[in-house]
Amino acid sequence: MRKALFALICFAAAVFLQSCGGGNTPRDVAEKSLQCLKDKKFDKYVDLLYFEEEINGDKDLLKEKKESMQELMQNKYNMSVQQNGTIKDFKFLNEEVQDSTAVVKMEVSFSSGKSDTQKVRLKKLPNGDWRIDPKGK
């Protein structure tokens, strides 16, 4: 009985850790970002963005930029919802990594029945973590 209970606890912990954390590959970050938008967790989405201030250590300016970006993301999301509906689902298509940049293509399905291919552009931080490049073209 104890072994079964222990196995159940380990399984539950593994599922919890996978849903909250996950890896830090470009694909993982792109999927997390779309899940944040789907769940309307704009603060968590902004935490996935690349900011120069994170690298140069300007914490006050970083906080200010994150707050502004969160408000901007909420506004952009609301405009997108009017056109496409809410995000219903998304799936990974492919990933191209070159040195410290990456592009992840995702197919996004909306509640309106529309679907779209989105490119998520990312940059690698000096510590190896990937972040979404809001200026990526």
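**View 1. Antiparallel pairing of β2 and β3.** In this predicted model, nine bridges join β2 to β3, and the two strands run in the antiparallel sense. Four residues lie between the strands of the β2 and β3 hairpin, where G113 adopts a positive phi near 100°.

**View 2. Antiparallel pairing of β3 and β4.** Strand β4, which covers residues 130-132, pairs with β3 in the antiparallel sense over three bridges. Within this pairing, K124 has W130 in β4 as its bridge partner. The hairpin formed by β3 and β4 has five residues between the strands, and here G128 takes a positive phi near 100°.

**View 3. The largest pocket and the residues around its centre.** The space in the largest pocket amounts to about 700 Å³, and 28 residues form its lining. Of these lining residues, L37, Y45, M73, K76 and Q118 lie nearest the centre of the pocket.

**View 4. Elements and residue classes in the lining of the largest pocket.** The largest share of the lining comes from α5, which supplies nine residues. Sorted by class, the lining of this pocket comprises 15 nonpolar residues, together with eight polar and five charged ones.

Note on methods. Residues are numbered from 1 along each chain as its sequence is written. This is a predicted model: local features need pLDDT of at least 70, side-chain atom pairs count only at pLDDT 80 or more; totals for chains, interfaces and linings use all residues. Side-chain values use heavy atoms; hydrogens and water are left out. On a 1 Å grid over the protein atoms alone, a cavity is a set of points where a 1.4 Å probe fits but cannot get out, and a pocket is an open set with protein on both sides within 12 Å along at least five of seven lines; lining residues have an atom within 4 Å of a point. Grid points are joined across faces, edges and corners, and a volume is the space filled by probe spheres set on the points. Ala, Val, Leu, Ile, Met, Phe, Trp, Tyr, Cys and Pro count as nonpolar, Asp, Glu, Lys and Arg as charged, and the others, Gly among them, as polar. Two strands pair if DSSP finds at least two bridges between them.
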